Amino acid sequence: MKSTGIILAAGGLSLALGGASVYTIDAAEVAVVTEFGAPVEVRTDPGLYFRAPWPIHQVERFDSRSKLLQIEATELLTQDQINIVVETYLVWQISEPRIFLESLAQTEIAEARLTDLVVASVSAGLAAQKYEQLLEVQSNRSVNFLPPTILEQVAETAMTRFGIEVQDLQIRH
C-alpha cells in the first residue's frame, strides 16, 4: 500500500516535470529560450520542442508577422521654414528575436521607440528640403515626399539597435 502511493507520487511528479519541459512554437511566432533570464537559444521554426523546466528555462514568444504602425500627425518645418503636417506609417517585423528581447522585450515599447525614430528621421530629412522639392512629380508620375535615405537610415538603426526589420516607411496622403 505504501509502495503504491510512492509509485503514484513519483509518476505524478515525473508527468508534471515532463509536461513543463515541452513547448510548441506556432507558425506566426518566434521564441527565445532563456536560462535564468539570459538568452541561450532562438527558435524560428514551428514545432514541438523540449526545455529544462521552470525556473531554469523560460520561453519568451514574439509575433513574427508584419505589423503596421501608424504614427500620429506631426508638424514639421521644411528648409524654407514652411510648416507642414506629416502623418507616416511604418511596416515592421521582428527579425532578430534575441536582440529584440535584450533591447525592448515588448511590442508596445518597440512601437514607442520606432515612433520616436521615425519622427526624428522624417523631421531631419524634410528639414533639409524646400517645400517645392517635396512636391516634385517624378518621371513615372509618382510623388515621392520622403528622401530615399530616410527609409535606409530607419531600417539600419532599427535592425542594429532593436532587431526589427523595417519593410516600408511612407507618408500618408
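**Cores, surface and backbone of the predicted model**

At 13% relative accessibility, S21 counts as buried. Here buried means under 20% relative accessible area, exposed over 50%, and partly exposed in between (1.4 Å probe, protein chains only). The model is predicted, and local features need pLDDT of at least 70, side-chain atom pairs count only at pLDDT 80 or more, and totals for chains, interfaces and linings use all residues. Residues are numbered from 1 along each chain as its sequence is written, and side-chain values use heavy atoms, with hydrogens and water left out.

S21 sits in the loop between helix 1 and strand 1 (22–25). Helices (H or I, at least four residues) and strands (E, at least two) are DSSP runs, numbered from the N terminus. Leaving aside residues up to four places away in sequence, S21 touches Y49, F50, R51, A52 and P53. Contact means heavy atoms within 4.5 Å. V22 belongs to strand 1. V22 is partly exposed, at a relative accessible area of 32%. Together with L48 and F50, V22 makes a nonpolar surface patch of about 310 Å². Such patches take residues with over 30% relative accessible area and no salt bridge; nonpolar side chains (Val, Leu, Ile, Met, Phe, Trp, Tyr) are joined within 5 Å, like charges within 9 Å. A salt bridge is a side-chain nitrogen of Lys or Arg within 4 Å of a carboxyl oxygen of Asp or Glu. Accessible areas come from the Shrake-Rupley method with a 1.4 Å probe; for residues, only the protein chains shown count as cover.

The mean pLDDT (the predictor's confidence in each residue, from 0 to 100) is 85 for the protein chain, and 85% of residues reach 70 or more. Helix 1 (residues 2–20) has the lowest confidence, at a mean of 62, while strand 6 (residues 67–70) has the highest, at 96. Where pLDDT is low, the predicted coordinates should not be read in detail.

The largest nonpolar core has 30 residues, and L90, W92, L126 and I164 have the most contacts inside it. At least two residues of this core come from each of strand 2 (29–35), strand 8 (83–86), strand 9 (88–94), helix 2 (97–103), helix 3 (107–127), helix 5 (148–162) and strand 10 (164–171). Helix 3 gives the most, with six residues. A second, separate core has six residues, among them Y23, I25, V33 and Y49. A nonpolar core is a set of buried Ala, Val, Leu, Ile, Met, Phe, Trp, Tyr and Cys residues joined through side-chain atoms within 4.5 Å. In soluble globular proteins, nonpolar side chains tend to be buried together.

Q93 lies in strand 9. Q93 is buried, at a relative accessible area of 19%. Its C-alpha atom is 6.8 Å from that of V166, 73 residues apart along the chain. Not counting residues up to four places away in sequence, Q93 touches S64, R65, S66, K67, G163, I164, E165 and Q167.

Several loops carry backbone features. F36 lies between strand 2 and strand 3 (38–43), as does G37. F36 is not a glycine, yet its phi is positive, near 55 degrees. F36 is exposed at 64% relative accessible area, and G37 is exposed at 54%. G37 and I56 are 19 residues apart in sequence and 8.6 Å apart in space, C-alpha to C-alpha. The peptide bond from W54 to P55 is cis, with omega near 15 degrees. P55 is in the loop between strand 4 (47–50) and strand 5 (57–63). A105, in the loop between helix 2 and helix 3, also has a positive phi, about 75 degrees.
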